[in-house]
Amino acid sequence: MTPPNSLLHPLKAQVLSFQEDEHDYHFQVEYPDPDACHTCGTVGQLVRFGKKQVKFRDVPMHGKRVSLWVIRRRFQCKSCSTTFTPPIYEMAEDHRMTRRCYDYIINRSLSGTNAKVAQDIGFDESVVRAVIKSHCDMKAIGYRPTLPRVLGIDELYLNRQFRCVLTDIERGTILDILESRQYPVLYNYLANLP
């Protein structure tokens, strides 16, 4: 079948082949060769040094799951003799999916179950949980709560332990969930807040 290049827009990959079955679309794609060496920056001194095909997932399309079979090429620089595989900036390579699929999982998991999102994309539910965990970990790095004008303090039984929940009453948002509801934990947390 003729490969439909426009279906993967705005991805920069060139579609080499396309297959469709009852539940899935399969695209074999390739990205352009880099212009310069990633180590020394020399232009025009790269030689292809092998390839492999790697499966990535993309957002569902027309009610079908989408697999991208990416041809990953290795290159060797004639100038500095290093070998490298260029990164693909459109891919969340840690999770073997496109960045837009990563964003799709985050957005869909806010309104649906992890199992439903995993079924839509064709992943195992553990992959969806790993994406959500890595997203939350990245968000937590820059999160610095400040005390609201009206602070709500409550408790929650989670993972077989009571936790302390701090909320902003006026905005209706959760500020943080502490690992314990004990007085010393809460006192130290509040004492260190700006």
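Tutor: With three residues, α1 gives the most to the lining of the second largest pocket. At least two residues each come from β6 (91-92), α1 (99-109) and α3 (125-141); helices (H or I, at least four residues) and strands (E, at least two) are DSSP runs numbered from the N terminus. This is a predicted model, in which local features need pLDDT of at least 70 and side-chain atom pairs pLDDT 80 or more, while totals for chains, interfaces and linings use all residues. Residues are numbered from 1 along each chain as its sequence is written, and side-chain values use heavy atoms, without hydrogens and water.

The lining consists of M91, A92, E93, D94, H95, R99, Y102, D103, S134 and M138. A pocket here is an open set of points on a 1 Å grid over the protein atoms alone where a 1.4 Å probe fits, with protein on both sides within 12 Å along at least five of seven lines; lining residues have an atom within 4 Å of a point. By class, the lining has four nonpolar, two polar and four charged residues, where Ala, Val, Leu, Ile, Met, Phe, Trp, Tyr, Cys and Pro count as nonpolar, Asp, Glu, Lys and Arg as charged, and the others, Gly among them, as polar.

The volume of this pocket is about 190 Å³, against about 300 Å³ for the largest pocket; a volume is the space filled by probe spheres set on the points, which are joined across faces, edges and corners. The largest pocket has 16 lining residues, with Y31, P32, P86, P87 and I88 nearest its centre.
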